[in-house]
Structure formats: structure tokens, C-alpha cells
Amino acid sequence: MRKVRVLVVDDAAAVRRVVSDALASDPEVEVAGVAPTGRLALAKLPQLNPDLVTLDVEMPGMSGLETLAEIRTYYPDLPVIMLSAHTEQGAVVTLEALSLGASDYLAKPAGLPSPEDVQAYLREHLLPKVKALCAARIGHPASPLVARPAPPEAEPREAEPREVRPRVERIDVVGIGVSTGGPNALAAILSGLTADFPVPILVVQHMPPVFTRLLAERLCDSTPLRVREAVPGGVLEPGAVWLARGESHMVVEKQGRRTSVNVNQEPRENSCRPSVDVLFRSLAAAFGPRTLAVVLTGMGRDGLRGCQEVRDAGGQVVVQDEATSVVWGMPGFVANAGLAHAVVPLGGIAAEIERRAWVRRSRALATAAAVRTGVVSGG
């Protein structure tokens, strides 16, 4: 099995060194080369033939965003991990990078007391991302990295979902869990839902604080639904989308006949806070068989146990397919465990959610309208 080859791009020599050392500490990874500027990185790509690039967000001259745009133009399939400052401005630029096609990101460690702690942080958080994004390349000979124009955008195609166990029950809430590749997947799905979507949606995206607030604002500007970062007491109403805060679990709580959002800082689950399992467990407890759990692209298995609880409560589970996932970890674990009722390409998930949300609801609305207009009897 060959090693994953990584090109490290950062204008700071100290950062290039510490990132390179962390990557080289893993026997399955090697540093193919380093570059202090975006232009030099672009020149080195065909020479070094890396499997992945780590790219600094903020660089003088050719910025990280400009470098990313060039990489995506000529090497559209090359995985790129952005390394950003753990600041609001860093989060803004990182979200822009993700929208431009970055595969994933990592906030640079800040405030750690020693170089050893920095190394440990990078080994814990960067190496798994590198391996997950390059999993399909490991074990295969390196293919030459040949520059080519990005393919023309294909017309959207609504692929038929692979229905595993048809269900027709009405749902009253949608829970979505997502990680690597999530911001773009969420934008695609939420923008495909109708403004009169009939149930609330709760989303766990693995992201740190600040990032989740900015992501909620970005999604709200690009979708017909009301997207907000979770707050205690948040109202569950049709068309409301609540996004879990970074470093806070999101749950729903019943108080009499009222169900609302709450947040907490209880221990991590699956090394995650927020955790998809925590959200799905609370939805299953509160809504039972009227829960729809959706698991999208992401590394790890967060959401697997939560989907089991949703299934045990009689609810429904839909997952993204492998071909359209940046990393088929989270949805793959659920699908391979036999818990998914449908495995759907990203381009078809919004329609699939709409279809399930309106089951046994459209007919009731049509009947109510007919009664109001006197077309049919209410008896």
C-alpha cells in the first residue's frame, strides 16, 4: 500500500515545518513537498503529483482563495484542505473557500502551550481528514496529475433514489447530520426546499464556534427557509431551520404540548460536540415514528446510533449515496448497517425530503381547503 502524498502550502516557514512534521509522523503519509506561495504551489503540482494539498487561507500575493480557484480550474478532483485562523475573519474566508470547492478545512491551533501540544492537535485533527479524503487513492498507484480544464457544468439530474424499505408515515420533524463537505451539501438541499416547507428542520454540522453562526447566516441568505443558530427555547415551527452551535449539543425538549430547542455542553459523543447521535436520540424520544433522520457526507460514524434509535422508534432514515459524498463515512456506516430506508444522490435529497414531509399532509390540506370553500362536506 503506497503512502498518501501531501503538498503543504503556507507562507510561514514555522507552519510549514510543524504541519510537515505532523504528517510525516504517520507511516501512511509522506510530505511530497512544500511551497511558501500559491504561485509556487501551482508550479509544483504537476512535478510532485500529490494526492492532497493543505493550503493556507491567508497568504500575501496570491491568496489562498485565488490559489484554490486555480487548483479547481485545472485539477478539479484534487482534494484540498484549507488551514485557517481560528478567528471570525478566518471563518468567513474558510466558508468562502468551501463554497469554491475546498474539500475540508482545519482551524490552526491557537493558544496551545507547547510545540508538542500543537503536534498532537494536528495528528488528531489533520491526519484523519487527509486519510479520509484520500481513502480511494490508498492502495492504488499514483495517477499522473495532468492539468485539464474543469468539465462544463452538467444540467441538474434528479436521480431516482434507491428505496430500501418504503415508508409512508407522516413526519413532523427533520433532523440532518453532516460533516466533511457539509456546507455545500446543506446549501444544495435547503435551497431546493419550498418556502412553505411543512415541518421544522434541525441540523448538526461538525464545526467550531463562530463558524456555525456564520454558516447559518450564509444559508439563510441563500435559501427560502429561516436558518438560525440554535438558542435555548427556539420554537419548532414549519420552515424553521435550527443549526447546532459549535461546541454545544442541540436537543429538543417537550414541556407539556410544547416542544422547543435547547443546547448543552454535556460530554462529547463520537469525539463530537455537537453530535448527530445526541440530536437524533432527542428527536426519536420527542417525535417517535414521525421523525425523519437524514445523514449526509462526512467522516466518522456520528449518527449511526442515533439512526438506530430513530428506526427503533418507528421513524425514517435517508442517507446520501457514496458517489456524491465527499467522504462516505457517516452515511456509509448507516447504509451498511441496513438502517436506511433510502440511499439518495445529493441532487435528489431535497425532493426526497419534500416527498416524505408532505405524505398524508397534502391530502389533509386539500380537504380542509375544499371544506372551507364548500366543495365537500366536513362530515
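Student: How many of the twelve residues of α8 are buried?

Tutor: This is a predicted model. Helix α8 covers residues 276–287. Its buried residues include Val276, Leu279, Leu283 and Phe287. The helix is largely enclosed by the rest of the structure, because the buried residues of α8 number ten of the twelve.

Student: What span does α8 reach from its first C-alpha to its last?

Tutor: Helix α8 has twelve residues. At 1.5 Å a residue, 16 Å is expected. The span of α8 is close to that, at 16 Å.

Student: Which residue has a side-chain oxygen that reaches to the backbone nitrogen of aspartate 277 at the start of α8?

Tutor: Aspartate 277 is one of the buried residues of α8. The side-chain oxygen comes to within 3.2 Å of the backbone nitrogen of aspartate 277. That oxygen belongs to serine 275.

Student: Just after α8, what phi does glycine 288 take?

Tutor: Helix α8 runs over residues 276–287, with Phe287 among its buried residues. Glycine 288 comes just after the helix, and its phi is positive. The value is about 55°.

Student: Where is proline 274, and is its peptide bond from arginine 273 cis or trans?

Tutor: Proline 274 sits in the loop between β12 (258–264) and α8. Most peptide bonds are trans. For the bond from arginine 273 to proline 274, omega is near 10°. That bond is cis.

Student: Is serine 271 buried or exposed?

Tutor: Serine 271 lies in the loop between β12 and α8. Its phi is positive, about 65°, although serine 271 is not a glycine. Over 50% relative accessible area counts as exposed. Serine 271 has 64%, so it is exposed.

Student: Which side chain makes a polar contact with the side chain of threonine 259?

Tutor: Threonine 259 lies in strand β12. With a relative accessible area of 13%, threonine 259 is buried. Leaving aside neighbours within four places in sequence, threonine 259 is in contact with residues including Leu236, Val252 and Phe287. The polar contact, at 3.3 Å, is with lysine 254.

Student: Are α2 and α3 roughly parallel or roughly antiparallel to each other?

Tutor: The axes of helix α2 (residues 38–48) and helix α3 (residues 64–74) come within 9 Å. They cross at roughly 20°. Angles under 35 degrees count as roughly parallel. Therefore α2 and α3 are roughly parallel.

Student: Which residues of α2 and α3 make the contact?

Tutor: The crossing of α2 and α3 is right-handed. From α3 come Thr67, Glu70 and Ile71. From α2 come Gly38, Leu42 and Leu45.

Student: At what angle do the axes of α1 and α5 cross?

Tutor: Helix α1 spans residues 13–24 and helix α5 spans residues 115–133. Their axes come within 9 Å. The crossing angle is roughly 65°.

Methods:
Residues are numbered from 1 along each chain as its sequence is written. This is a predicted model: local features need pLDDT of at least 70, side-chain atom pairs count only at pLDDT 80 or more; totals for chains, interfaces and linings use all residues. Side-chain values use heavy atoms; hydrogens and water are left out. Helices (H or I, at least four residues) and strands (E, at least two) are DSSP runs, numbered from the N terminus. The expected span of a helix is 1.5 Å times one less than its number of residues. Buried means under 20% relative accessible area, exposed over 50%, partly exposed in between (1.4 Å probe, protein chains only). A polar contact is a pair of N or O atoms within 3.5 Å; within protein, one must be able to donate a hydrogen and the other to accept it, and residues adjacent in sequence count only if both atoms are side-chain atoms. Axes are lines fitted to C-alpha atoms, for helices over the stretch in contact, and angles run from 0 to 180 degrees between N-to-C directions. Angles under 35 degrees count as roughly parallel, over 145 as roughly antiparallel, 65 to 115 as roughly perpendicular and the rest as oblique. A crossing is left-handed if the near helix is turned anticlockwise from the far one by less than a right angle, and right-handed if clockwise. Contact means heavy atoms within 4.5 Å.
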